[in-house]
Amino acid sequence: MIKNGTLLVASLLLSASVLAQVVDTAAYGGPEGNEIYEALIESYTVEEGADAPAPAMFSDRTWDLNDSLTFLPSYEVYRTWNTDAIFLGGTQSHGITDTLRLQLAHEDCDHAMPCPGHLTSGYGPRKGRMHYGVDLKLETGDPVKSAFDGMVRISKYNRTFGHVVVVRHYNGLETLYAHLSERMVEPGQEVHAGDVLGLGGNTGRSYGSHLHFEVRFLEQPIDPSLVFDLEKGTLKAKHFDIHKGTFAAIAAAKAEAQARKYHVVRRGDTLSAIARRYGTSVSALCKLNGMKQSAILPLGKRIRYR
Ligand SMILES: [Zn+2]
């Protein structure tokens, strides 16, 4: 809690400088965020030691949970820190009116490919469902690394994602690593780019060992192949521009995918029965699904009828 006027001024100055970074340069994160964090941590370390005098800015204060929020990566953008819910689901507005430039990296060593495997499934609509990340081939037990510096927000088991880790980064992004065989980090743990978060695997809804890797900004998914050259294993650019259009394409694709309707084949189903049921024709069904009228309908197959 705020104890005196000095701290109030200090915290106002701090948030003002963070805000100024966002508003004036339309960029934030990267080592600046890290430096603020480390600077504050050092201040406390000094304060706790009896020998050295505390810096005036942080004198006469005690540690508090609210204070610690200041240290969370990109807290000024997210205003949340939930170590249980992977995503809160559309409650966060990115409110982007102009282009927002995220400074992804400054040096050659402050970013890393999560795993070297090649792309087995890309981002976007997939069989009527949305795929909000990319799938990268790996062997169970291969190390999976943090893409950037940041702090682990989620480390848990999830029915869909299996063992999953989410890292909040100082550059404003969050990255998600799913289907791990083993998690090696805990929520709240600081990680650097390239630090091993866990081992690759095949847990959750997964068919074969692979890494499902997502990149998000305020929960909104971003195609990881726009950020990383997945084949070369390098960053595409040291910055990434977010604007309205960044999420428009995926929103359109999602709406399109949701407009599609599927019938799941049950025992005794025929194409003509399905067509009758949904007021369409056999030839329309065949065209939508790229199949022949004579095709055999396996039980459980999803037949698109709209
Ligand atoms: Zn995937």
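Close-up 1. C115 counts as buried, at 2% relative accessibility. Buried means under 20% relative accessible area, exposed over 50%, and partly exposed in between, using a 1.4 Å probe and protein chains only. C109 is exposed, with a relative accessible area of 63%. The structure holds 0 disulfides. A disulfide is a pair of cysteine sulfur atoms within 2.5 Å.

This is a predicted model: local features need pLDDT of at least 70, side-chain atom pairs count only at pLDDT 80 or more, and totals for chains, interfaces and linings use all residues. Residues are numbered from 1 along each chain as its sequence is written, and side-chain values use heavy atoms, with hydrogens and water left out.

**Close-up 2. The zinc site.** Which residues coordinate the zinc ion? They are H131 (NE2), D135 (OD) and H212 (ND1), at 1.9 to 2.2 Å. Donors are N, O and S atoms within 2.8 Å of the metal (3.2 Å for Na, K and Ca); water is not among the atoms, so sites may look incomplete. Along the chain, the donors of the zinc ion follow the spacing H-x3-D-x76-H. H131 lies in strand β5 and H212 in strand β14, so the pair ties together parts that are 81 residues apart in sequence. Both H131 and H212 are buried. Strands (E, at least two residues) and helices (H or I, at least four) are DSSP runs, numbered from the N terminus.

**Close-up 3. The largest nonpolar core.** This core has 35 residues. Among those with the most contacts inside it are Y177, L211, F213 and F228. A nonpolar core is a set of buried Ala, Val, Leu, Ile, Met, Phe, Trp, Tyr and Cys residues joined through side-chain atoms within 4.5 Å. The largest share, 4 residues, comes from β14. Leaving aside neighbours within four places in sequence, F213 is in contact with residues including P114, V134, L176, Y177 and F228. Contact means heavy atoms within 4.5 Å. Apart from this core lies another, of 10 residues, among them I274, C286, M291 and L297.

**Close-up 4. Helix α6.** Helix α6 (residues 244-259) has 16 residues and reaches 22 Å from its first C-alpha to its last, close to the 22 Å expected at 1.5 Å a residue. The expected span is 1.5 Å times one less than the number of residues. In α6, T246, F247, I250, A253 and A257 are buried. They cover an arc of only 120 degrees around the axis, which puts them on the same side of α6. The arc is that of the directions from the helix axis to the C-beta atoms. What covers these buried residues includes β5 (129-131) and β14 (210-217).
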